[in-house]
Amino acid sequence: MGPRIEMRGIHKVYPDGTVALRGVDFRLGPGEIVGLLGENGAGKTTLMKILSGLLQPTRGEIRIDGRPVRFRNPADALRAGIGMVHQIFTLVPPYTALENIILGQEGSNLWLVKDRARDQVQRLLEEVGLSIPLDTPMELLPIGVQQRVEIAKVLYRGTQTLILDEPTSALTPLEVDELFRFLRRLKEGGRSIVFITHKLREVLEISDRIVVLRNGRVTGEISTREATPELLAEWMVGRAVVPRVSRSPHPPGEPVLIVRDLEVIGDLGLPAVKGVSFEVRAGEIFGIAGVEGNGQSELAQALGGLRPIHRGEILLDGKPLPALTPIEAYRRGIAHIPEDRLRFGMALNFEVAENSILSRQWEPTFLRGWGRLDWPRILAFTAALLQRFQVIAPGVRAPARSLSGGNQQKLVVGRELAKEPRLILAVHPTRGLDVASTAYIRELLVQMRDAGKAVLLISADLDEVLELSDRIAVMYEGKFLGVGPVEAFTREEIGLMMGGIVPQGRAV
Amino acid sequence: MRRARPLLESLVAVGIGLIAGGALMLPFRYHPLKAYQALFQGAFGTPHDVMETLAFATPLMLTAVTFAVGVRAGLFNIGAEGQMYIGAIGAVFAASLLPLPPGLHILVATLVAMICGALWSLVPALLKIWRGVHEVISTIMFNWIAFHLATYLAIYYLAEPGRAERTRPALPTARYPILAEGSTLTAVIFVAILFCLAVYFLLWGTRMGYEMRLVGENPEAARYAGVQIGQALLWSFLIGGMAAGLAGASQIIGRPPAWSLYATLGNVATLGFDGIGVALVGRNHPLGGILAAILFGALQHGGRFMEYHAGVVSELVRAVNGLIVITLAIPELWTLVRRRLTL
Amino acid sequence: MSGFLSRLGWIVLAILGLGLLAYGLDQVGLEPISLLEAGLLAMTPLALAAVGECVNEKAGVVNIGLEGILLITAVVGVWVAEQFGSGIAGLIGGMVVGALIGLVLGLLAVYGRADQIIAGMGLNLFALGFTPYLLMSLWAFPGIHIFPRELMVPRWITPLGQISPVTLAAILLAFLAHILLHHTVLGFRIRAVGEKPEAVDVAGVRVDGLRLFTSVLGGALCGLGGAFMPLAWFGGVVKEISAGRGFIALACVVFAGLEPLLALAAAFLFGLTEGIAYAVAITPGVKERIPFYFVNMLPYVVTLLVVTLVIGRRRFPRTIGRPYTRE
C-alpha cells in the first residue's frame with residue numbers, strides 16, 4: 001500500500017522574504033506515527049501548516065492517495081481528512097468545550113441548538129476514549145484538558161490524519177504518558193499521526209519513523225527502530241554534540257537571598273505563590289523547575305519589584321527588603337532577566353542604545369543636569385556592552401527590531417549582568433533561542449556563578465535547570481514540592497513532582 | 001534611506017489624498033486640475049501668500065504636537081480642539097482685560113492661554129489614570145463642553161461692547177508684532193516653532209521624554225523599568241494641553257485683523273481636529289509636524305483661492321485631510337508601494 | 001451576568017434620577033410627555049449607532065468613525081429623500097450609504113490591516129470637511145439646508161406621545177441584535193471571531209467574511225441613524241448635525257460592554273438627558289433662568305459621568321481592533 005499523503009518539493013518563502021522551506025519531501029502512510037524533528041525555525045511547523053491548509057506553498061505539490069490536491073484554507077484540508085492541533089491552541093477562551101468542538105460544524109444554519117450536537121460529541125469521546133468536561137469554559141481548564149479539547153475538535157471533523165505541533169511542551173510527564181497512550185490507540189484505529197517536536201526522547205518513544213528538518217531541508221529520515229539519539233542530534237543541529245557547559249566545583253558562600261514563607265497574589269486575585277521558603281547562596285545557581293503557570297512568574301515578579309508581596313519576607317544580604325519597586329530592587333543589587341523580553345524586557349522600536357539603558361534610565365550616570373540624557377556616555381556604554389556580550393547589531397542607533405531574537409536576548413542579558421548585581425534573577429533566559437545563543441547565555445550564567453554571584457534560575461526547560469543548577473526546587477501550584485542538590489533527584493522523580501506527585505520518601 | 005522612508009510614505013499619502021479629493025469634485029462638475037492649480041498658486045504664488053500659508057500653519061503645528069505627544073505616550077488624545085478653545089478664552093481674558101506693560105503683557109497672555117489649555121486637559125488625564133476612562137470619549141466630551149463654555153464666556157463676559165459677534169480685541173500691548181505690512185503672519189510663529197523644538201528635545205533628550213515614549217511603546221517594559229506610568233501619561237496630557245492652549249492664543253494675540261475670538265468660535269474651530277492629520281503626516285514627530293503644518297497651511301490658505309477661482313468649497317481641503325489620514329492608517333499600502341519600488 | 005445586572009441597575013437608577021429631575025421640571029412648567037417624546041427621538045440615532053457597533057466590536061472590529069457616518073448619511077439621506085420625494089427613501093438611502101462606508105472601513109481593516117482607530121478618526125475628519133462641501137455643492141447654500149415638510153417621516157400618535165416608527169425600529173433592532181448574537185449560529189461565530197479568530201479560521205469559517213459582515217451591518221444601522229436625524233427629527237440638516245452623537249454612541253457601547261440591550265438602555269438614558277436639555281431650552285419660565293449654553297453641555301457631562309462612574313472590569317473581546325493574519 002502506498003503512502004496516504006505525499007508532499008513533494010515543497011518550497012515556502014514568506015512575504016517578508018524569509019525562506020522557510022527549500023524543497024521538502026514528506027510522506028505519511030495509514031496507521032503510522034511520524035516524528036517530525038528539528039530545532040526552532042527548522043521549518044517543521046511551516047511544513048505542517050501547509051499540509052493543513054493554513055499556508056500555501058510557494059512551490060511543490062501535495063498528493064492524497066495519489067491524487068494531487070490544493071488546499072486554499074483549513075476547511076479544504078479538513079474535508080480531505082487532515083487536521084492540525086496547533087502549539088498555540090485555537091480555542092475560544094470563554095466558550096465551553098462543547099461550543100469549541102462544534103464551532104463551524106454547528107449542525108444547523110440559523111438557530112444555535114447545542115444539544116443536538118452534544119450526543120454526537122459524547123459518542124465520539126467515548127469511542128476514542130477521551131474524557132472532557134463539556135460545559136466548563138476553556139479559560140478555567142488546565143492546559144492538558146484544553147489540549148484534549150483541541151484533539152477532540154479535530155477528530156469531530158472526521159479527521160484521519162492528525163498533526164500535533166509540539167504537543168508536550170506544556171504538559172507534565174504524567175500527562176505526556178497519557179497523551180502517548182491515546183495516540184497509540186488512535187493509530188491502532190487506523191489514523192495517521194504527525195508528531196512535531198524538538199525533543200529526542202519523545203520522538204524515539206512515540207514514533208514509527210522519524211524525519212529530521214534543518215534550515216528548511218530534510219537532513220535525515222530513519223525508521224525509529226534504527227535511530228539513535230546521537231544520530232538524530234547530529235541531523236538536527238549539524239554538529240556532533242553540543243558541548244556541556246563546564247562548571248568549576250567550588251563551595252557556595254553566604255546566603256545572598258533568603259525568602260521566607262512568601263505569598264504572592266496573581267492576576268486573578270488568588271494566591272499564586274503559596275508560602276515558599278528558600279535561599280540562594282553566593283556562587284550557586286538555584287534552579288526552579290516546573291510546568292509554566294505554577295506561580296513561577298509571580299514569584300519572579302515579586303522578587304523583581306513588579307508585584308506586591310502579600311505575606312512573608314525577602315532578605316537580601318541579611319537585610320529585609322521592604323515593599324520593592326523595580327528601581328529599589330536594582331539599587332539593592334538584583335538584576336532581572338525577565339521571562340519574555342518582548343513583553344517586559346525591551347521596546348522593539350527603541351534604538352539599541354535606548355534599550356541598553358532600559359531600567360537604568362534614571363541613573364545619574366546616564367544623565368546630565370535637568371534630567372537630560374547624556375547621549376555620548378549612553379552610546380559609549382552601549383558600544384561596550386555590545387562588544388562585551390557578543391551582541392551583533394547593525395549599530396548602536398539601529399532599532400532593536402533589526403536584531404535577531406538571539407541578539408535581542410543577549411542585549412537584555414548583557415544589560416542586566418552589566419549592573420554588577422549581587423543576585424541574578426533569570427527567568428526562561430534561553431526560551432526560543434538558537435543553539436549558539438542558548439549555549440552562550442548558559443555559559444554567562446555559569447560564569448556569574450563562578451564569579452561568586454547568586455543566580456536564581458527559573459525555567460520550564462527541565463534540561464536547562466538540570467544542566468546549570470547546583471540546587472533545585474520543583475514548583476507546583478504555588479508551592480515547592482522538593483528542594484535539594486541537583487544530584488539528589490532522578491529525572492523521573494522531578495517529572496513526577498512537576499505533575500504534583502511527591503515520590504515516596506521525598507517529603508519536603 | 002531609513003530616515004527617508006517615512007517622508008516618502010507621507011508624500012504618497014498626501015498624493016493619494018489629493019487625487020481622491022479631486023475625484024470628489026468630479027460628480028459636481030468641478031475641474032480638479034483647475035482647482036488644485038488655483039490652490040497651490042494661491043498658497044505659494046507670491047511672498048505674501050507664503051507668509052499667509054505660514055500664518056495658517058502656526059496653530060496647526062501646535063495642535064499636531066498635542067496629538068503627537070499623546071501618541072508617543074500611547075494615548076489617542078483628540079482633545080486639542082477643546083483645549084484650544086479654552087486657551088483662546090484665556091488669551092482673550094489676559095490680553096484684553098489685564099492692563100500690563102508691553103512685553104510682559106504678551107508673555108502673560110501667552111502663559112495664561114497655555115495654562116488654561118493644560119488645565120482643560122487635566123480632567124481627561126486624571127479620568128484616564130484613575131478610572132481608565134478612554135481618552136477618545138473623555139476628550140471628545142470635553143471638546144463639546146468647552147465649545148459651549150467658551151461660547152458662553154465669549155458672549156456673556158468677554159464680548160466687545162456694541163459688537164456681539166466677537167470678544168474684546170487684545171490690547172495693543174498684548175499683540176505679537178506683525179512680520180510684514182499687510183500680512184497676518186506675526187512673531188507668534190517663532191514661539192510655535194520654539195515650542196515644537198522644545199517638545200522634540202524633551203521627548204528624545206530627557207529622561208522624562210524617554211519614559212513617556214517607553215510607556216507608549218511598551219507599557220509593561222515601562223513598569224519593568226520602574227517608570228511611574230500615571231505620571232508619564234499626565235505629562236503627556238499637560239504638554240499637549242499647553243500646546244493646544246498656545247495654538248488658541250496664536251489665533252487671538254498672534255493673528256490680525258480680528259485680535260479677538262468670534263462668538264461662533266469660527267476663527268479657531270476645527271484647528272484642533274486638523275492637527276490630527278498634520279501630526280500623522282508629520283509621523284507624530286514635532287519637527288515633522290512643522291513641515292506637515294506648512295503643507296496643511298498651504299491647503300487652507302490656498303483653499304480660499306480654489307473656492308474663488310474654481311468654485312470648489314474650501315472645506316474640501318478638510319475632507320482631503322481626512323482622506324490622507326485614512327491612507328496613512330493602511331500599512332498594507334506601504335508593503336505594496338515598497339514592492340513596486342523594489343521590483 | 002452580574003455585570004449585566006449591575007449595569008442595568010445603574011441605568012435604572014440614573015433614569016429614575018432623571019425622572020425625578022423631570023418631575024422637578026414639571027413643577028416649573030415642563031411637560032413629562034414632551035420630555036419622553038424628545039428623549040425617545042434623541043435616543044434613536046444613538047441606539048442605532050451603538051447597537052450596530054456592539055455587534056461589530058463583538059467580532060473584534062472597532063469603528064470610531066460613527067460620527068463621520070452619521071454626518072455623511074444625514075446629508076445623503078436628505079438628498080435621496082428629495083430625489084425620490086419620500087422620506088422613507090431617504091432613510092433607505094442613508095442605510096445604503098452607511099453600509100457602503102462600513103464596507104470600505106471593513107475592507108481597510110480586514111484586508112488592509114489598517115489601524116482601525118486612525119482609519120475611523122480619518123473618516124471623522126473627512127466627514128468634517130465633506131459634509132459642508134456636500135451641502136454647498138448639492139444645494140448651493142453654506143452650512144444648512146431645510147427641506148419641504150412633506151418629506152418628513154410621519155410620527156405615530158400614541159398614548160405616550162408622538163413616536164417615530166424609526167424609534168420603534170431601533171428598539172426592535174436592539175432586540176434582534178441580541179438574538180443574533182446569543183441565539184444564532186452566525187452570532188455564535190461572530191462572538192468567537194472577536195475572541196479567537198484562529199479558532200474560527202481552523203474550523204473552516206471565514207474570518208474576513210464575518211468581520212466584513214459586522215462592519216457593513218454596523219455601518220447600515222449607523223446610516224439609518226444619520227438619515228433619521230434630519231428626516232424624522234430636525235426637519236433640516238446642518239453641517240455639524242451629529243454634534244458628537246457618534247462618540248456618545250461609542251460611550252454607550254463601552255458602557256454596555258458590547259451588549260445591544262444595555263446599549264439601548266444607555267442610549268435612552270443619554271437621549272433623555274438631551275430631551276431634558278431641549279425641553280429646558282424651550283420652556284418659558286425656565287429658559288430665562290438657566291443659560292442655554294449650560295443646558296447644551298448636559299448630554300456630554302452626563303455621558304462622561306456615567307462612563308466614569310460605571311466603567312468596570314468589563315471584558316472586551318481579546319482581539320478587538322487587531323487585524324487577523326495566519327502566521
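This is a predicted model: local features need pLDDT of at least 70, side-chain atom pairs count only at pLDDT 80 or more; totals for chains, interfaces and linings use all residues.
View 1. Across residues 87-111 of chain C, the chain is 96% helix and 0% strand, with the end C-alpha atoms lying 36 Å apart. These residues make up one of the spans that the unreviewed UniProt entry annotates as "transmembrane region", a feature that the record also places at residues 34-52, 64-81, 123-142, 162-181, 247-270 and 290-312 of chain C. For residues 34-52 of chain C, the computed content is 100% helix and 0% strand, and the end C-alpha atoms of that span are 28 Å apart.

**View 2. Chain C as a whole, with its 12 helices and four strands.** The radius of gyration of chain C is 20 Å, which is close to the 20 Å that the globule rule gives for 327 residues, so chain C is as compact as a globular protein of that length. When the box is taken along the principal axes, the C-alpha atoms of chain C fill roughly 65 × 50 × 30 Å.

**View 3. Chain B as a whole, with its 14 helices and two strands.** For the 343 residues of chain B the globule rule gives 20 Å, and the radius of gyration, 20 Å, is close to that value, so chain B is as compact as a globular protein of that length. The C-alpha trace of chain B spans about 65 × 60 × 30 Å along its principal axes.

**View 4. Helix α5 of chain B, residues 104-131.** After α5(B) comes Gly132(B), a residue whose phi is positive, near 70 degrees.

**View 5. The contact between chain C and chain B, where 38 residues of chain C meet 41 residues of chain B.** On the side of chain C that touches chain B, the elements giving two or more residues are α5 (116-139), α10 (245-256) and α12 (292-310) of chain C. The largest share of this side, 16 residues, comes from α5(C). Sorted by class, the residues on the side of chain C that touches chain B are 28 nonpolar, eight polar and two charged.

**View 6. The contact between chain C and chain A, where 16 residues of chain C meet 21 residues of chain A.** Two or more residues of the side of chain C that touches chain A are given by each of α7 (185-195) and α8 (197-202) of chain C. Of the elements on this side, α8(C) gives the most, with five residues. The side of chain C that touches chain A is made up of eight nonpolar, three polar and five charged residues.

**View 7. The two assigned domains of chain A, domain 1 (5-237) and domain 2 (255-498).** The C-alpha centres of domain 1 and domain 2 of chain A lie 34 Å apart, and the contact takes six residues from domain 1 of chain A and eight residues from domain 2 of chain A. On the side of domain 1 that touches domain 2 of chain A, three residues are nonpolar, two are polar and one is charged. The unreviewed UniProt entry annotates residues 5-240 and 257-502 of chain A as "domain: ABC transporter". Over residues 257-502 of chain A, the chain is 33% helix and 26% strand, and the end C-alpha atoms are 26 Å apart.

Conventions. Residues are numbered from 1 along each chain as its sequence is written. Chains are lettered from A and ligands numbered from 1 in the order in which they are written. Two residues are in contact if their C-beta atoms, placed from the backbone, lie within 7 Å. Ala, Val, Leu, Ile, Met, Phe, Trp, Tyr, Cys and Pro count as nonpolar, Asp, Glu, Lys and Arg as charged, and the others, Gly among them, as polar. The expected span of a helix is 1.5 Å times one less than its number of residues. UniProt positions are given in the numbering used here, feature names are shortened, and annotations may be inferred rather than shown by experiment. Domain bounds come from an automatic or database domain assignment. The radius of gyration is taken over C-alpha atoms; the globule rule is 2.2 Å times the number of residues to the power 0.38.
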